[in-house]
Amino acid sequence: MLKSTKAAVATVAITAGLATSATAEDLSGTLRIMSDMSNPAPRAIMEGLAADFDAMHPGLTVELEVVDREAWKSQIRNALTANPPDVFNWYAANRMAPYVNAGLFEDITDMWDGGDLPGLDSVKGAMTIDGKQYGVPYTYYQWGIYYREDIFNELGLTEPATFDEEIANCQKIVDSGRKCYTIGSKFLWTAGGWFDYMNMRTNGFDFHMKLATGQAEWTSDEVRATFANWRKLIDMGAFIDDHQTYSWQEALPFFVNGEATAYLMGNFVVPHLREAGLTDDQIDFYQFPKIADVPMGEDAPTDTFHIASNAPNKAAARAFLQYVTSPDVQSKINGPDGLGQLPVNASASVADDEFIKQGFEMLSNNATGGIAQFFDRDFPAEMASVGMEGLQEFMVFPDNLEDILGRLESARQRIYK
Amino acid sequence: MTTATHDMNWVRRNRMTLTPLLFLLPGVLFFTVYVIFPILQSFNISLYEWDGLGEATYIGLGNYQELVTDRAFEISLWNNVKWLALYLLAIPAGLFIALFLNQTIPGIRLYKSLFFFPFVLSQVVVGLVFSWFYLPREGLLNAVLSFFGFDTINVLGDPTLATYGIIAAGLWPQTAYCMILYLTGLNAVDPEQIEAGRLDGAKGWRMLWHVILPQLKPATFIAFVVTIIGALRSFDLISVMTNGGPFGSTRVLSFYMFEKALSEYGFRMGYGSAIAVVLFLIMLVFIGYFLWSMYRDEKAARR
């Protein structure tokens with residue numbers, strides 16, 4: 001068993017063209033990896049990566065420490081300042097800004113410029129702050145509307161392409177005694193996903209980014225138009241009741257039991273739906289429909305690896321970053337047996353899975369507006385927390401909109417200085 | 001040699017003062033390093049704008065000025081007041097149960113343990129159990145309500161009810177705590193005084209009010225102290241049951257401080273410290289009262 005895995009690793013290494021560069025460097029010492037891939041499937045992937053990398057480098061000991069994903073969000077600060085690991089997980093875009101500004105993330109611009117990371121050009125932007133790169137992505141996933149295909153067939157509905165069709169579909173679903181969308185907004189970020197799409201479809205990707213960077217006002221007519229569109233759905237009873245009490249997982253049974261027909265979510269929802277007993281004939285996926293005539297932007301959050309600027313073993317850390325982004329490793333870890341998400345390397349192959357293929361197709365050909373990270377990664381942390389709270393309130397009490405917008409606008413004026 | 005014996009004598013002569021001081025020393029040391037110093041540090045940090053990593057900028061009372069206009073802070077403050085007021089219900093409730101359980105019938109120990117049981121549970125478990133109890137569709141509460149023909153309610157999803165829902169959950173273990181304090185207190189009640197009271201014709205409420213309660217004063221005082229402290233440091237139940245929501249309506253000062261300073265979207269150390277300072281000042285009122293009344297009792301006891 002052990003021998004066969006080692007052989008497999010060796011083949012992977014040789015085909016990836018890494019064996020030569022790695023032996024040339026003769027990595028030694030210890031490589032400490034801190035990972036937040038704590039859910040069972042990602043955890044197995046991460047453990048596999050560490051073991052394979054360890055096997056490839058006889059002189060190197062790889063130490064892996066898996067930290068709970070939620071806990072890591074607050075632990076990272078202590079970890080990076082007190083006893084920095086060599087390699088660790090984090091997120092792209094604005095979410096890494098505070099640490100980059102505090103000088104805790106290693107600048108790896110030379111790796112990007114020096115051609116060490118071929119095939120990653122399309123995701124370079126998300127890793128860039130002030131013209132420098134601070135990490136590598138290892139996976140990303142599409143967002144979109146996952147729906148119950150069998151119920152759509154039963155009601156004679158087709159995938160909508162425009163918002164009017166969406167509303168017409170939804171009306172039929174509501175008339176049949178179901179809800180159109182399930183959502184659990186207890187932890188707020190799910191409401192952020194809805195806002196991202198409503199705003200990107202109503203005002204376009206560029207306006208959405210202007211709002212994220214604090215250049216647009218929350219009380220502007222554009223934002224009001226977004227909320228007016230959103231309200232159409234809320235007023236017709238499209239969302240499940242009491243969603244402020246549920247987490248996103250607790251909202252899944254509504255979808256599984258057919259009480260709600262669709263879920264606006266990231267692709268990570270698919271394994272949960274399959275585990276709950278739904279077959280691929282019962283679930284399908286469509287891109288969030290068009291509202292205004294603007295190029296369509298999409299949410300596709302990118303998860304990343306970074307090197308600590310005080311890392312003891314930077315040589316090994318760099319080799320590991322190169323390793324995780326190589327085409328073969330990318331194909332393997334993002335495949336259906338792995339994360340079930342999209343590989344970031346353009347030369348990697350996309351898994352033969354209905355949803356991964358559709359997502360890849362959508363992001364490559366139909367996201368003409370641009371690719372956003374997500375509400376809480378594009379907006380600065382403090383704006384995101386105030387914002388998502390307002391969005392949740394809007395979904396429960398849409399009449400409070402004026403008050404909410406005023407609050408968000410004053411938060412904007414304070415936060416972006 | 002002579003100096004040594006001289007020293008010896010000095011130590012011996014002052015041992016009544018030295019011994020307690022030596023015993024106090026480790027405690028005082030730890031208390032200074034881990035309690036007093038951090039409190040002063042919080043005061044200091046609250047004058048800065050600091051993300052915990054980079055340079056701290058001195059902004060004077062800027063954080064406090066922001067607090068005055070911060071609606072989330074105002075909500076937290078009011079919720080703390082609600083917690084303080086309603087949590088005190090645990091004292092009469094605990095007393096009532098203790099009086100009820102203070103009988104000699106077979107199996108009373110079992111009943112006592114059952115009543116005490118919630119206090120042994122972790123607050124996190126209490127929070128989880130109650131959030132299931134309150135669940136809008138599957139919850140037991142709504143099952144009971146609809147059985148009796150009432151409308152169902154979503155306690156934790158309703159901003160006007162959520163805080164009360166959490167306080168009710170907190171009262172469950174706190175009542176058990178107060179009950180145990182009163183049960184021990186009742187053991188110390190002097191039977192001769194009760195006998196004397198009975199001879200004078202006192203019974204029921206009069207007996208309770210004029211004979212038993214005065215003797216339970218120490219228990220009441222401790223119950224008051226732990227309940228006030230429990231109310232002010234309420235955090236875990238809120239974190240488990242609502243995470244401060246819906247839309248921030250169940251925050252209290254300690255939770256808001258955590259959110260601003262230490263949570264995923266926080267890291268405003270200065271602002272968090274300012275909230276902590278306000279909470280500390282509120283606590284100081286009670287701590288001051290506790291210390292003063294303890295000092296008064298000690299003085300009375302010495303006389």
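How much space lies in the second largest pocket? The views below take up this pocket, the nonpolar cores and the chain contact of a predicted model.

**View 1. The second largest pocket.** Its space is about 1100 Å³. A pocket is an open set of points on a 1 Å grid over the protein atoms alone, where a 1.4 Å probe fits, with protein on both sides within 12 Å along at least five of seven lines. The volume is the space filled by probe spheres set on the points, which are joined across faces, edges and corners.

**View 2. The pocket lining.** The second largest pocket has 42 lining residues, each with an atom within 4 Å of a point. A:P98, A:P380, A:E382, A:I415 and B:D51 lie nearest the centre. By class, 19 are nonpolar, eight polar and 15 charged.

**View 3. The largest nonpolar core.** This core holds 133 residues. Members are buried (under 20% relative accessible area, 1.4 Å probe, protein chains only) and joined through side-chain atoms within 4.5 Å. A:F105, A:W218, A:W230 and A:F320 touch the most other members. A second, separate core of 59 residues includes B:Y64, B:L95, B:L237 and B:I238.

**View 4. The contact between chain B and chain A.** Chain B brings 27 residues and chain A 32, with contact meaning heavy atoms within 4.5 Å. About 2500 Å² is buried, as accessible area (1.4 Å probe) lost on being put together, summed over both parts. Carbon and sulfur atoms give 52%. In chain B, B:L53, B:F247 and B:Y265 lose the most area to chain A, together 33% of what that side buries.

Residues are numbered from 1 along each chain as its sequence is written, and chains are lettered from A in the order in which they are written. Local features need pLDDT of at least 70, side-chain atom pairs count only at pLDDT 80 or more, totals for chains, interfaces and linings use all residues, and side-chain values use heavy atoms, leaving out hydrogens and water.

Technical notes: Nonpolar A, V, L, I, M, F, W, Y, C, P; charged D, E, K, R; others polar. Buried < 20%, exposed > 50% of the residue type's maximum accessible area, 1.4 Å probe, protein only. Buried area = accessible area lost by both parts, 1.4 Å probe.
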